Amino acid sequence: MKPAEAAAPARSFSIYEPDQPLGELGFAEQFVVWCLRVQWRLAENGTGRSLLVQRAFDALELPGGAAMVAELAAALTRTVQRPLSIPCPHWRVLTSDEARVLDFIAGLQRHGQAAQGLFDRSWRAASCGTSPVWAPAQRLALALTAAGLTLGNSAQPGVAFPEAMPRLLH
């Protein structure tokens with residue numbers, strides 16, 4: 001086994017793959033990826049709230065969405081002990097970290113608390129298995145579900161990125 005393979009975290013649940021074209025994803029996935037990428041551009045550590053992201057959530061009648069994305073980005077920054085691969089919003093494929101985030105949010109939407117086994121083990125912050133990422137991801141998953149955005153729903157037609165985003169947002 002190569003050293004890189006040994007270091008790669010095991011993922012027990014995977015809908016999304018690194019280097020998967022965003023155009024193959026549904027609107028919900030494209031939206032989450034776009035939000036994370038815009039949030040990440042705010043500052044080196046992704047803290048603060050993006051007005052652009054909030055306008056997108058307002059268009060979905062989801063006030064407070066930007067705060068949820070900012071909280072998730074901050075939790076990821078605190079928890080993951082390496083630089084995260086979150087590229088600019090125009091990058092057209094998923095990174096491995098984005099695929100992990102999408103997998104986890106999709107798992108939370110489908111399985112709720114039972115998604116513990118779907119959480120990327122490398123993102124646990126403490127030996128007891130708790131993570132600052134869990135709560136903000138769960139809040140975002142619930143909010144997306146309430147807005148009718150379900151990740152992992154292959155029945156949703158994909159729209160080419162960034163055309164899926166409203167014109168005023170990009």
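Which residues does Pro87 touch, not counting residues up to four places away in sequence? They are Arg37, Arg41, Thr95 and Glu98, where contact means heavy atoms within 4.5 Å. This report places that residue in its setting and then describes the fold, the core and several local features.

The model is a predicted one, in which local features need pLDDT of at least 70 and side-chain atom pairs count only at pLDDT 80 or more, while totals for chains, interfaces and linings use all residues. Residues are numbered from 1 along each chain as its sequence is written, and side-chain values use heavy atoms, with hydrogens and water left out.

**Overall fold**

The protein chain contains six helices and zero strands, and its pattern along the sequence reads α-α-α-α-α-α. Helices (H or I, at least four residues) and strands (E, at least two) are DSSP runs, numbered from the N terminus. Of the 170 residues in the protein chain, 47% count as buried; buried means under 20% relative accessible area, exposed over 50%, and partly exposed in between, with a 1.4 Å probe and protein chains only. The protein chain exposes about 8400 Å², of which carbon and sulfur atoms supply 57%. Accessible areas come from the Shrake-Rupley method with a 1.4 Å probe, and for residues only the protein chains shown count as cover. Among contacts in the protein chain with a separation of 6 or more, 69% are accounted for by residues 24 or more positions apart.

In soluble globular proteins, nonpolar side chains tend to be buried together. The largest nonpolar core of this model has 43 residues, and those with the most contacts inside it are Phe57, Leu72, Ile105, Leu144 and Leu151. At least two residues of this core come from each of H2, H3, H4, helix H5 (96-111) and H6, and H2 gives the largest share, nine residues. A nonpolar core is here a set of buried Ala, Val, Leu, Ile, Met, Phe, Trp, Tyr and Cys residues joined through side-chain atoms within 4.5 Å. Leaving aside neighbours within four places in sequence, Phe57 is in contact with Phe31, Cys35, Leu62, Gly65, Ala66, Val69, Leu140 and Leu144.

**Helix H3**

The buried residues of helix H3 (residues 51-59) are Val53, Gln54, Ala56 and Phe57. Seen down the axis of H3, these buried residues fall within an arc of 155 degrees, so they line one face of the helix; the arc is that of the directions from the helix axis to the C-beta atoms. Their cover includes H2, helix H4 (65-79) and helix H6 (134-146). The face of H3 turned away from its buried side carries the exposed residues Leu51 and Ala59. At the start of H3, a side-chain oxygen of Ser50 reaches to within 3.2 Å of the backbone nitrogen of Leu52.

**Loop residues**

Glu61, which follows H3, is found in the loop between H3 and H4. Although Glu61 is not a glycine, its phi is positive, at about 55 degrees. Asp19, in the loop between H1 and H2, is likewise a residue other than glycine with a positive phi, near 70 degrees.

Gln20 lies in the loop between helix H1 (3-7) and helix H2 (27-42). A polar atom of the Gln20 side chain lies 3.0 Å from the backbone nitrogen of Glu17. Neighbours within four places in sequence aside, Gln20 is in contact with Ile15, Leu25, Arg92, Val93 and Leu94.

Pro87 is found in the loop between H4 and H5. Pro87 and Glu98 are 11 residues apart in sequence, and their C-alpha atoms are 9.4 Å apart in space.

The table lists the accessibility of selected residues.

| Residue | Relative accessibility | Class |
|---|---|---|
| Pro87 | 15% | buried |
| Gln20 | 16% | buried |
| Asp19 | 60% | exposed |
| Glu61 | 72% | exposed |
| Cys35 | 2% | buried |
| Cys88 | 34% | partly exposed |

**Cysteines**

How many disulfides does the structure hold? The structure holds zero disulfides, a disulfide being a pair of cysteine sulfur atoms within 2.5 Å. Cys35 counts as buried at 2% relative accessibility, whereas Cys88 is partly exposed, with a relative accessible area of 34%.

Technical notes: Polar contact = N/O pair within 3.5 Å; in protein donor to acceptor, adjacent residues only side chain to side chain.
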